[in-house]
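The following exercises concern the reading of a structural model. Each task is followed by a solution in steps.

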Amino acid sequence: MNFNLTETQKSIQQTFKAFAEQKVKPAAAEIDENKTFPMELFKQVGELGFFGMRYPEDVGGSGSDIVSYCLAVIELARGSLSLAAVCTMQSLMATYFLYRFGDKEIRDAYFSEALFGNKIGGICMTEPNAGSDLMGIKTVAKVRNNDFVLSGQKTWVTSAPVADFFTVLARTDNHEQLSIFFVPAKTEGVIIGKNIDKLGVCGSVTSEVAFDEVHLPKNYLLGGIGEGTKCLREILAEIRIMTAALAIGVATAAYQDALEYAKTRVQFGKPIGKFQAIKMKLADMAVQLESANRMLFHAAWLSDEDLPRQKQAAMVKLYASECANSICDQASRIMASYGYAKEYPMQRYLRDARFTLIGGGTSEILQLGIAKELGL
Ligand SMILES: Cc1cc2nc3c(=O)[nH]c(=O)nc-3n(C[C@H](O)[C@H](O)[C@H](O)COP(=O)(O)OP(=O)(O)OC[C@H]3O[C@@H](n4cnc5c(N)ncnc54)[C@H](O)[C@@H]3O)c2cc1C
């Protein structure tokens, strides 16, 4: 087994690390407080080629492996989980179905532009009454004179207030399975609802989106009728691996701040890091991070090798997101009042990390999936 990164992987890690240190970290508090989409940094991430990492060179991407992609995601998430969340949503979920099934019109006008951050996409799956249970969605696409008419209500759509296009999961007439549609945001009948005010990842703006009899040409069906669920399954493992990388990024930031603080904060005549209780917390956090990283890169490697990875992807998403929340909690205790003050990023890490418990499947849903893999 070779655990070393290749020269290319090291260089990608370095590029995103430097970008996160110099550009993202200094802006992270403002992104959080303003609760607005971080447009300028988003464009810069596009210029670094992040949105095209997972797509082949012949369509404008760089064909990077998932290991490299995860290294970049971790660095972005160390800087700002809000920024990393919108960028990963763009690079994987919003654009994937355009790449797989979009015709020339869609690819030229939207996909190619999205790879450079010139067009922003959102994915509309969740509905007010259908979250984990996607088969319960009610949004419907009716066939009318060769076209489709889409109606329904979506919610929690990341980047919706600034989006140029959506990929929408809907039910088609008389079909048990779901389908995916491409919908330009400016189409008549697309209504962007109010922003959802959130606990964390506040710069990753999220809102409701309603579709009121939206007419869509035939070529806006991405994949066949009823193939949406199957298509989603194609990228589910990668989405979970990516979410684990987001969790590891924010956890690493919290751990490093706490470690530094433990070395410098003096109480009772010595740095608090000399007290056994603090040492044990930090040692446990280091073990958790090390384990989460190993699991992440194993799952990413399996994916790069096109080997079965559903179980490992679910396991690492579950483990890394739970660890991230535990690490942010412990790190904030180490910083005590300074971990509670808005002036320092620790409180933001703590709030932001909660998101990783939900996106990509809740812990309970992942546990169910893992148990199924165990034959239960
Ligand atoms: C910041 C953020 C951004 C998001 N962005 C998007 C986006 O861009 N597009 C999009 O479509 N969605 C998005 N979502 C929505 C997200 O995908 C859903 O929130 C998620 O799927 C969970 O659905 P829910 O919140 O409705 O919870 P529910 O499914 O209602 O679950 C509630 C609770 O019940 C548990 N539960 C549910 N079913 C079972 C079961 N069978 N067994 C045991 N426990 C169960 C869950 O684990 C959870 O604890 C986003 C969410 C957040 C927080």
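**Exercise 1.** Which residue with a positive phi follows H2? Determine also how the buried and exposed residues of H2 are arranged.

*Solution.* The model is a predicted one. H2 is followed by Gly49, and the phi of Gly49 is positive, near 85°. Within helix H2, which spans residues 39-47, the buried residues are Leu41, Phe42, Val45 and Gly46. They lie on the same side of H2, because the arc they cover around the axis is only 150°. An α-helix has 3.6 residues a turn, so residues three or four places apart point the same way. The exposed residues Glu40, Lys43 and Glu47 are carried by the face of H2 turned away from its buried side. H1 and H4 are among what covers the buried residues of H2.

**Exercise 2.** Describe the contact between domain 1 and domain 3.

*Solution.* The chain is divided into domain 1 (7-114), domain 2 (121-225) and domain 3 (229-373). On the domain 1 side, helices H1 (7-34), H3 (66-79) and H4 (81-101) each give two or more residues. This side divides into 16 nonpolar residues, one polar and five charged. The C-alpha centres of domain 1 and domain 3 are 20 Å apart.

**Exercise 3.** Between which domains does the ligand lie?

*Solution.* The ligand is surrounded by 21 residues, the closest being Met125, Gly131, Ser132, Thr158 and Thr362. At least two residues of the shell come from each of strand E1 (121-124), strand E3 (147-158) and helix H10 (363-373). Eleven shell residues are nonpolar, eight polar and two charged. Domain 2 and domain 3 both give residues to this shell, so the ligand lies between them.

Note on methods. Residues are numbered from 1 along each chain as its sequence is written. This is a predicted model: local features need pLDDT of at least 70, side-chain atom pairs count only at pLDDT 80 or more; totals for chains, interfaces and linings use all residues. A residue is near a molecule or strand if its C-beta atom, placed from the backbone, lies within 6 Å of it. Helices (H or I, at least four residues) and strands (E, at least two) are DSSP runs, numbered from the N terminus. Ala, Val, Leu, Ile, Met, Phe, Trp, Tyr, Cys and Pro count as nonpolar, Asp, Glu, Lys and Arg as charged, and the others, Gly among them, as polar. Domain bounds come from an automatic or database domain assignment. Two residues are in contact if their C-beta atoms, placed from the backbone, lie within 7 Å. A residue is buried if 20 or more other C-beta atoms lie within 10 Å of its own, exposed if 12 or fewer, and partly exposed in between; C-beta atoms are placed from the backbone. The arc is that of the directions from the helix axis to the C-beta atoms.
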